[in-house]
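Dear colleague,

I am passing on the structure we talked about, and below it you will find notes on what was found. Please read them with the structure open beside you.

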Amino acid sequence: MNTDEQAGSAQHGGERALRQSEALTRAILDAAVDPVITIDEHGNVQSWNPAAERLFGYAAAEVIGHNVNILMPSPYSEEHDQYLANYRRTGERKLIGIGREVIGRRKDGTLFPLDLAVGEAHIGDQRIFTGIIRDITARKQAENGLRQSEARTRAILDAAADPIITIDEHGNVQSFNPAAERLFGYAAAEVIGRNVNMLMPSPYSEEHDQYLANYRRTGERKIIGIGREVLGRRKDGTLFPLELAVSEAYIGEQHIFTGIIRDITERKHREDELQRSLAELARSNRELEQFAHIASHDLQEPLRKIQSFSDRLISKYASALPDEARDYLTRAGDAANRMGTLIDDLMSFSRVTAKTHPFTSVDLNMVLRGVVSDLETRLDQTQGRIETEELPTIEADPMQMRQLFQNLLSNALKFHRPNAPPVVRVFTDETASTPDSATILIADNGIGFEEKYLDRIFTIFQRLRVRSEYPGTGLGLAICRKIVDRHQGDITARSTPGHGATFAVTLPLRHRSDERGSTLGS
């Protein structure tokens, strides 16, 4: 092969290599996921790969040879030519080799954020610039969503009525909302980055770091997810009680704890006042019980003497006394009897909480049989009858259950209509009862009452005018309510005047173990 043939072969080989290189470059650009654009030093597009076509909506033929600023909105489009002119004149780079976020414009006019990286090269005497573009719409949306979420979270924290503090796993404060600033007296800048134990008095401040260290080491929780009452310390050194609820979360790899705080100073004051009131009430009750006992003993004796001497005067000197004197003595004896009954009833009322028995299993059928037996004489006198049905067994004070039914049945027999023998029915109201309670009805055919007076009939010493002709002190139903209250039940009644009354007593079937034998209200 001569020299010319060798030179021609080398030329053809170089052209073939060049074509192969161009083909490889074109294949790479065509397959690239990101748009790649080349422009000359005047800003005219030289190449435009398929990814650029898809992103901007222009075919390559619509862009090549045109100024690249057609892909930019104002003011970027006006600034771009000036930037290239300045670069040709001064060599000062503002974008080349650095990259930046800008706004692109599609063929349809829509705008979108993009990340632009620009490189520079020389092909012979020609200077070209290559731009690699990445659509960052999704990233910007995520960032905007995150910023909005952060803004919402910040707005919630700022508007929260309760102080909210976040700390890292070492106890350093990460956030401190305005409510916390108001409560503790510190500005957020004074607290953030410092250990949260600055808000605690001793010994809590010393214990807190140890608690966090133990939790990191063992995972053993003492407060997290549970909450507790502790003491806080304000900037001025004053201490106050607070309720602290703590939760934990992970933000990436960061372990944070959020404390929601409630100042319970007022609640503690109310609790202290309540405890003092309860103690005072208990003391007053004890004094009242002592007074009732003393009064009962001291008053009964002179009353018995009044009754005794009145009876003796009437029995021995009745014939020698004028009618008016005998009437006075009879009235004095009756008044003494009524006073004695009143004292006995007052003692019964005070004993409901003063002298109690443990709650045990009580068969109300047996209680009712005993009460009916005690009332046999009165039933004979009034020609009345008591009809009973099966009653439940409950946990109660047996003596008070007997007193409850004794009072209710005695009332039913007492307030009967003059020409109608009393009939009383005692039965369980299955429709009103529940798996945890029984409602027992005591229904009579007596004189009844107007339901507008319902509250009065259960109040101590309250007696309705219509019942003034019937003897009594007005304490029987008040005692019933006190017994039912002690058993955490309810008592009410319904009635129509002249058509009898029905009393409804609702009692729990069971009591918690810590309430057995307790004296509720004492």
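How does glutamate 101 count at 36% relative accessibility: buried, exposed or partly exposed? Glutamate 101 counts as partly exposed, where buried means under 20% relative accessible area, exposed means over 50%, and partly exposed is what lies in between (1.4 Å probe, protein chains only).

Before going further, please keep in mind that this is a predicted model, in which local features need pLDDT of at least 70 and side-chain atom pairs count only at pLDDT 80 or more, while totals for chains, interfaces and linings use all residues. Residues are numbered from 1 along each chain as its sequence is written, and side-chain values use heavy atoms, with hydrogens and water left out.

Salt bridges

The structure holds 20 salt bridges, a salt bridge being a side-chain nitrogen of Lys or Arg within 4 Å of a carboxyl oxygen of Asp or Glu. Glutamate 101 is in one of them, with lysine 140 as its partner and 2.7 Å between the closest N and O atoms. Since glutamate 101 belongs to strand 3 (residues 100-105) and lysine 140 to helix 5 (residues 137-159), the pair ties together parts that are 39 residues apart in sequence; helices (H or I, at least four residues) and strands (E, at least two) are DSSP runs, numbered from the N terminus.

Lysine 140, which counts as partly exposed at 22% relative accessibility, also meets the side chain of glutamate 143 in a salt bridge (3.6 Å, N to O). Lysine 140 and glutamate 143 are separated by about one helical turn, because they are 3 residues apart in helix 5, and glutamate 143 is likewise partly exposed, at 26% relative accessibility.

A further salt bridge joins arginine 234 to aspartate 263, with the closest N and O atoms 3.8 Å apart. This pair links distant parts of the chain, as arginine 234 is in the loop between strand 8 and strand 9 and aspartate 263 is in strand 10, 29 residues apart. Arginine 234 is partly exposed at 21% relative accessibility, and aspartate 263 is partly exposed at 34%.

An open sheet is formed by 5 strands in the order 7-6-10-9-8, with antiparallel pairing; two strands pair if DSSP finds at least two bridges between them. Its edge strands, each pairing on one side only, are strand 7 (173-176) and strand 8 (228-233). From one strand to the next, the twist averages 35 degrees, where axes are lines fitted to C-alpha atoms, for helices over the stretch in contact, and angles run from 0 to 180 degrees between N-to-C directions.

Strand 6 (residues 164-168) pairs with strand 7 in the antiparallel sense over 3 bridges, and isoleucine 165 has phenylalanine 176 in strand 7 as its bridge partner.

Strand 8 and strand 9 (residues 239-251) are antiparallel over 6 bridges, with arginine 233 opposite leucine 239 in strand 9. These two strands form a hairpin with 5 residues between them, and glycine 237 in the turn has a positive phi of about 90 degrees.

Strand 9 also pairs with strand 10 (residues 254-263), in the antiparallel sense over 10 bridges, and here leucine 244 stands opposite isoleucine 261 in strand 10. Strand 9 and strand 10 form a hairpin with 2 residues between them, where glycine 252 in the turn has a positive phi of about 65 degrees.

Aromatic pairs

The structure holds 4 aromatic pairs, counted when rings of Phe, Tyr and Trp (its six-membered ring) have their centres within 6.5 Å, with planes under 30 degrees apart taken as stacked, over 60 as edge-to-face and the rest as tilted. The pair of tryptophan 48 and phenylalanine 56 is tilted, because the ring planes are at 45 degrees, and the ring centres are 5.5 Å apart. Tryptophan 48 and phenylalanine 56 are both buried, and Trp48, Phe56 and Phe112 form one aromatic cluster.

One more position

Leucine 278, in helix 9 (residues 265-317), is partly exposed with a relative accessible area of 43%.

With kind regards
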